[in-house]
Structure formats: C-alpha cells, structure tokens
Amino acid sequence: MATETTSSATGPVGASVGRRTGQYLLAIDWLSEDADRVAPGEIAARLGVSGASVTEMGSKLEDAGLVTVKKYTGVKLTDKGREVARELAWRLCVVENFFGEELSADLNDDQSYEIGYTLPPEAIKRLRDLVDHPCIDRCPQTRQDYDGCRIA
C-alpha cells in the first residue's frame, strides 16, 4: 500500500497533512460554504474520484480528527480540519495571485495547489509579500480582512 507524502506545509494548528488529504479538506471546505455538511457524492464529483474513495478517505480524516462523518447526512470539517483547509486555501491563493499578477501566467487550481503545497512556509510568505493586493475571493481570510491574509 502506498503511503501519502507530506510536505512542510503545516496549518496553523501544526498538523501536517498529505497532498491528497489536503485536496479533500479543501474540497470539503469549499463545498460546505453554504451547507452544514457535504454529501460524499459532491466531494467525489469535485475531485473526480469514486464514492468508495470518498468513504475511505472520510474514515481516515475522521480518525485524524479533521472531519466528522454522519451516515446519510455527510461530512463536516472539525475546527482543526477547517484551520488546515484554510491554510492550504491561503497557499493556493497566494500562488495563483503571484503567478497571475507578477508573471502573467494563469494556473489552474491543481497547479496552484501543487506549488502552494510544496513550497515551504517562508517561500509562501515571500511570494505574498511580493503581491501587493488581497488574495482571490476564495481565500477565506480575505473575505474578512486584507491584513488577515498574511500569516505571521
């Protein structure tokens, strides 16, 4: 069985997550913006995976304390899961903004995620310092406050 690699990307709670785990957390966070829980079918459609994969990952995420799963009602991020997802969303936003504004290169979500996931925290902070405007609307911290988009 292949193990999932983790990067130095750590969320505010200090929890390292694997690359694929982070993609699930982001999908759940984005899909749950207008709902309390997210149906496994919605997650599967968003990520292009099978329902069985969502069920398996849901169990792993629940064991890690990142989500709660209720049969027939769906998946919900825990506070810890939300913090990790928001850190990853912030990284994606910084990368997308930097490449778009500074390099005139449009990256898709997958490309932005891969770069943001891989870069160490100091590199992300440096990219953020080079982009002198708020992150894109999906950046959860920008919705409230421009200064909140900078992680100390």
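**Close-up views of a predicted model**

**View 1. Ser104 sits in a loop.** Ser104 lies in the loop between α4 (79-102) and α5. Helices are DSSP runs of H or I with at least four residues, strands are runs of E with at least two, and both are numbered from the N terminus. This is a predicted model, where local features need pLDDT of at least 70, side-chain atom pairs count only at pLDDT 80 or more, and totals for chains, interfaces and linings use all residues. Residues are numbered from 1 along each chain as its sequence is written, and side-chain values use heavy atoms, with hydrogens and water left out. Phi of Ser104 is positive, near 50 degrees, in a residue other than glycine. Ser104 counts as exposed, at 65% relative accessibility. (Buried means under 20% relative accessible area, exposed over 50%, and partly exposed in between, with a 1.4 Å probe and protein chains only.)

**View 2. Tyr72 also has a positive phi.** The value is about 75 degrees, although Tyr72 is not a glycine. Tyr72 is found in the loop between β3 (67-70) and β4 (74-77). Its relative accessible area is 77%, so Tyr72 is exposed.

**View 3. Phe98 and Phe99 form an aromatic pair.** Rings of Phe, Tyr and Trp (its six-membered ring) pair if their centres lie within 6.5 Å; planes under 30 degrees apart count as stacked, over 60 as edge-to-face and the rest as tilted. The count by this rule is 2 aromatic pairs. In the pair of Phe98 and Phe99, the ring centres are 5.8 Å apart and the planes are at 85 degrees, so the pair is edge-to-face. Both Phe98 and Phe99 are buried.

View 4. At the start of α5, a side-chain oxygen of Asn108 reaches to within 3.0 Å of the backbone nitrogen of Asp110.

**View 5. Residues line the second largest pocket.** A pocket is an open set of points on a 1 Å grid over the protein atoms alone, where a 1.4 Å probe fits, with protein on both sides within 12 Å along at least five of seven lines; lining residues have an atom within 4 Å of a point. Among the lining residues are Trp30, Arg46, Asp110 and Tyr113. α1 (19-31), α2 (40-47) and α5 (109-118) each give two or more residues. α1 gives the most, with 5.

Definitions and conventions. Polar contact = N/O pair within 3.5 Å; in protein donor to acceptor, adjacent residues only side chain to side chain.
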